[in-house]
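Okay, thanks for coming, everyone. I've got one chain to walk you through today, so let me put it up on the screen.

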Amino acid sequence: MSAVGEALAAALYAEGDAALDTGASLLAADPASDTELARRGEELLTRAWRRGWQPADVARLVRRDLDEHHLRLLSGLVAAETGTYAWLPPRWAGQIAGLPEPGGWRADRFTYATAVLELYRLLARLPAVGPVGPVPGASPAHSAPVPGEPRALSRIRALLAKAEATGYPEEAEALTAKAQELMARHSLDEAALAARTPGPDEPVAVRIGVDAPYETAKAILLDAVASANRCRAVWNEAFGFSTVVGFAPDLEVVELLHTSLLVQGTSAMTRAEAEQRKGGRKRTKTFRQSFLLAYAHRLGDRLASAARRVEAEEPNLLPVLATRDVAVAARADRMFPETTTTRVRGATDEAGWHQGAAAADRAHTGHGERGGRGELPK
């Protein structure tokens, strides 16, 4: 067995630092093993893609569980492995571009080998997850990307950017409300087009990161945005993401709005904390958690209400929308045949709750009865 084989056998599946030290010592003593070590890492990535993972998913876990130099090692590994394919799935280019530049970290051979084995240990232990798109390789015939994006999405993006940038709550409210209205109209236009030109259009899925801290509130926020835009979100707390199922145009607006509302909510929370400190009241993690829970809790009703107002203007499309809702639910149920619904622990800071609810009102968004619930894969 080669030095690499011995090192991986010693380090990947055993617990504790002793196994890592043994493997790293073997690699550090054999400079000729570097090429094989890199190849083994690429093989682990290939297996991860086939088990349903995507570059952003793996990077999220590395950021959470390891260190910055591990992320740079991953970036170099991803660049080398994905460079061997003639075709990559459409979303992968953006995910790869979001990784840091590889390199930029210097260490002795033992330290470097230890870091590589820590990264490989994480990759080797990735379980299978439900795929949300094709794996890299031969391009499916129907997956050719369409250049540019619909004009409606460009307008929505611009409105949300203004809402994030303004320091005036009333202006942010008006801009966000207008963006949600455009989102609903965009969804109706796409549904009408699909009804006139029957084809292979069917629900798809994307993963959206739900990062600590306050990940429960962020997952509830995403569920509210997804539900209001005719999608379904399932949160995987262990791996730090939610899988959102829906038709592609709706998924695009869910990502846009969720990101914008996180930015607006975080900014509003920072301002609220500053006001509390001016009044001599020191706020803690419970204030921030309660704030974001209230902010998420008030989202769904207002978002859904805006969508219903737009849909009421096109009653002839209601059967089409109902058919699409059934298709989304069926796809989600196939992907997640077993989910559990859980109640979220109540907010414990009254001031934080009221401030968060007020911020949600100013953002012209809110959440109804489902705000205290979220779906988790078993």
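Let me start with a question: which residues do ring pairs link into a cluster? They are Trp 53, Phe 239 and Phe 241. Keep in mind as we go that this is a predicted model.

So, let's stay with the aromatics for a bit. There are six aromatic pairs in the structure. Take Trp 49 and Trp 92: they pair edge-to-face, with 4.8 Å centre to centre and 70° between the planes. Trp 49 sits in helix α3, residues 34-50, and Trp 92 in helix α6, residues 92-97, so this pair ties together parts that are 43 residues apart in sequence. And are these two buried or exposed? Trp 49 has 3% relative accessibility, so it counts as buried, and Trp 92 is buried too, with a relative accessible area of 1%.

How do β2 and β3 pair? They run antiparallel, over five bridges. The two of them make a hairpin with four residues between them, and Gly 240 in the turn has a positive phi of about 70°. As for β2, four of its five residues are buried, so the strand is largely enclosed by the rest of the structure.

Now zoom in on Thr 243, which lies in β3, residues 241-246. Its relative accessibility is 3%, so Thr 243 counts as buried. Leaving out residues up to four places away in sequence, Thr 243 touches, among others, Val 132, Arg 207, Val 234, Met 335 and Phe 336.

Next, the packing. The largest nonpolar core has 44 residues, and the ones with the most contacts inside it are Ile 156, Leu 160, Val 244, Val 254, Leu 257, Leu 261 and Phe 291. Elements supplying at least two residues each to this core include helices α8, α9 and α11 and strands β1 and β2. Apart from that core lies another one, of 38 residues, and Phe 241 is among its members, as are Ala 48, Leu 99 and Leu 123.

A quick stop at Met 269, in helix α11, residues 248-278. Met 269 comes out at 8% relative accessibility, so it counts as buried. Beyond its neighbours within four places in sequence, Met 269 is in contact with Arg 288, Phe 291 and Leu 292. Also, Met 269 and Gly 352 are 83 residues apart in sequence, yet 8.6 Å apart in space, C-alpha to C-alpha.

Tyr 214 isn't a glycine, but it has a positive phi of about 60°. Its relative accessible area is 12%, so Tyr 214 is buried. Arg 230, in the loop between α10 and β2, also has a positive phi, near 60°.

Last thing, confidence. The mean pLDDT of the chain is 82, and 86% of residues reach 70 or more. Residues 141-147 fall below 50, and beyond near neighbours in sequence that stretch has two contacts in the model. Residues 364-378 are below 50 as well, but that stretch has 67 contacts beyond near neighbours in sequence. Okay, that's my tour.

Key:
Residues numbered from 1 in each chain as written. Predicted model: local features only at pLDDT ≥ 70, side-chain atom pairs only at ≥ 80, totals over all residues. Heavy atoms only, no water. Buried < 20%, exposed > 50% of the residue type's maximum accessible area, 1.4 Å probe, protein only. Contact = heavy atoms within 4.5 Å. Core = buried A, V, L, I, M, F, W, Y, C linked by side-chain atoms within 4.5 Å. Phe/Tyr/Trp six-rings, centres within 6.5 Å; stacked < 30°, edge-to-face > 60°. pLDDT = per-residue confidence, 0-100. Pairing = 2+ DSSP bridges.
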